[in-house]
Amino acid sequence: MTRVRPVIVWFRDDLRLSDHPALHEAASRGVPVVGLYVRDEASPALKPPAARALGGATRWWLAQSLRALGKSLEAIGGSLVLRTGPAAAVIATLARGTSAQAVFWNDIAQAPHQAVAEEVKSALASDGIASQIFSGDLLVEPKAIRNKDNRGLRVFTPFWRRVQGLGDPPKPLPAPKKLASIGGVASEAPDDWKLEPTRPDWAGGLRVSWTPGEDGAQARLKAFLDRGIRGYSDDRDRPDHDGTSHLSPHLRFGEINPRQVWYAVRFTAAEHPRLAGDIDKFLSELGWREFCRHLLFDVPDLAERNLQGQFDAFPWQREARALKAWQRGLTGYPIVDAGMRELWHTGVMHNRVRMVVASFLVKHLLIDWRAGEQWFWDTLVDADAGSNPANWQWVAGSGADAAPYFRVFNPILQGEKFDPEGAYVRRWVPELARLSNDVIHQPWTATPIELTSAGIELGKSYPQPIVDHKQGRERALAAYTKIRGQD
Ligand code: FAD
């Protein structure tokens, strides 16, 4: 009796079962399916400097997400095979070993991933095995939105108008209810890959903050649509409120995709027309993710190169001590320190505060945005090859559609405006918890009695500001004047 030849589904940044076009197609053929994830640190296209290794926080997330995906596949009769090595060799070997008829995967519109996918395709072709590539990571593929010079758009508003003009994206596909599998295929285990920290185990905060995996992603989306989206337009700027979706790491790993979010949100919009403003705002944030990914498609070295060449001459300072103080949340500016400590504990930071801490680093401290981007890359669970450098360049003023460099956030006013009762600062900088609202964003203005009764000794239990705001601002503007007009 001849065995039905299976199809291999190669998972990458799409660790889900629903709206997974490659898996859907394989399952609908009624043939056995082998789910595969390859830990590829060997293909030249995925090695530095061509691509970046995952940071510590995303490695932790990946381990959890792979376990969740493995369980979900097993629950419907399938399995997830884990293998290490260069993807082309690993996949061709598995395809031969299982007598696979084809390998399917979803595209990742990023140069290193596309280069590796090409290698996989040709390795399979030389063995006479078919491959098929699907789209499912973005609302719109970058090639669909070009200007007349065939380049991606560099300004968000017209970009987003074009995306919206294309109408609704393809409807999400259901998860397969049942898979046939072939069994007996050897697999490594997530534990073998040592993705999680041990000595020291710094992931305690991540474990209590997140449920990686598709179920966790769907639960976050539901909770947000049930409760969070009302008032999103204003609340999204308030780090002291739970006013955003918390979907970013789930989107990063494709445990949910933007098409699914789009349709769920549109459904809510139809049921609650009064939420239209909040819903439009939320969708435009998804649009920013899309914009950053499209930018990355055009500029693969987005994390290294200033998009505006004049910034190549910027007089960045090499301030190792200041950088360390910033990383540890010890700058003496409570809103900055709260953000940096939230990041360390939870693997994310509120968007408003990301802008404030990034501005503080590149403007008050004159430290190259790449140093901050790299720290975020290592510590964020949502560290994204597009969104992280694009947003850093946006704040630095060197990017596409960027905030002008001379707009220097005042960390005191930002704190007072967006954390007016100091609740966010009290949560993440507990040594300041007993200060009154009047001084919590500038403890150095508190009287000695206020400080003593709050149990604070400035310079000891909490630092003095590492730079004076006014001087920092002036120094930043002076540095900027030096590069203006060069390009
Ligand atoms: P929500 O407000 O609920 O937004 C929904 C989704 O829209 C997010 O999950 C995200 O996918 C997308 N989104 C929202 N804002 C942005 C934005 N400015 N740019 C791109 N996408 C956006 N986001 C990342 O996903 N990964 C990163 O590595 C990243 N690095 C950043 C670095 C800096 C310096 C700054 C200022 C922002 C960065 N962001 C990054 C964007 C933003 O801060 C996060 O997406 C957001 O805080 C995630 O929280 P949420 O899912 O609750 O967002």
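**Ligand shell, domains and selected helices**

Helix H12 is followed by Gly329, whose phi is positive, near 70 degrees. Helices here are DSSP runs (H or I, at least four residues), numbered from the N terminus. The model is predicted: local features need pLDDT of at least 70, side-chain atom pairs count only at pLDDT 80 or more, and totals for chains, interfaces and linings use all residues. Residues are numbered from 1 along each chain as its sequence is written, and side-chain values use heavy atoms, with hydrogens and water left out.

In H12, the buried residues are Ala322, Leu323, Ala325, Trp326 and Gln327. Buried means under 20% relative accessible area, exposed over 50%, and partly exposed in between (1.4 Å probe, protein chains only). The cover over these H12 residues includes helix H13 (334–346), H14, H15 and H16. Cover rests on contact, meaning heavy atoms within 4.5 Å.

The domain assignment of the chain gives domain 1 (7–137), domain 2 (138–170 + 214–298) and domain 3 (309–484). Such bounds come from an automatic or database domain assignment. The C-alpha centres of domain 2 and domain 3 lie 27 Å apart. Contact between these two domains involves 22 residues of domain 2 and 22 residues of domain 3.

Both domains also take part in the shell around the ligand. Domain 2 and domain 3 each contribute at least three residues to the shell. The ligand has 27 residues around it, of which Tyr232, Thr244, Ser245, His246 and Asn351 come nearest. A residue counts as near if one of its heavy atoms lies within 4 Å. The shell divides into 14 nonpolar, eight polar and five charged residues. In this scheme Ala, Val, Leu, Ile, Met, Phe, Trp, Tyr, Cys and Pro are nonpolar, Asp, Glu, Lys and Arg are charged, and the others, Gly among them, are polar. Four helices supply at least two shell residues each: H9 (248–252), H11 (276–298), H14 (351–364) and H16 (387–396). H11 gives the most, with six.

A polar backbone atom of Ser248 is 3.1 Å from an oxygen atom of the ligand. For Asp384, a backbone N or O atom lies 3.0 Å from a ligand oxygen. The protein covers 95% of the 820 Å² of accessible area that the ligand has on its own. Accessible areas come from the Shrake-Rupley method with a 1.4 Å probe; for residues, only the protein chains shown count as cover.

Asp384 sits in the loop between H15 and H16. Asp384 is buried, with a relative accessible area of 5%. A polar atom of its side chain lies 2.8 Å from the backbone nitrogen of Gly386. Beyond its neighbours within four places in sequence, Asp384 is in contact with Arg252, Arg293, Trp377 and Pro389.

Eight of the 10 residues of H16 are buried, so this helix is largely enclosed by the rest of the structure. Among them are Pro389, Trp392 and Val395. Their cover includes H11, H12 (320–328), H14 and H15 (369–379). Gly397 follows H16 and has a positive phi, near 95 degrees.

Methods: Polar contact = N/O pair within 3.5 Å; in protein donor to acceptor, adjacent residues only side chain to side chain.
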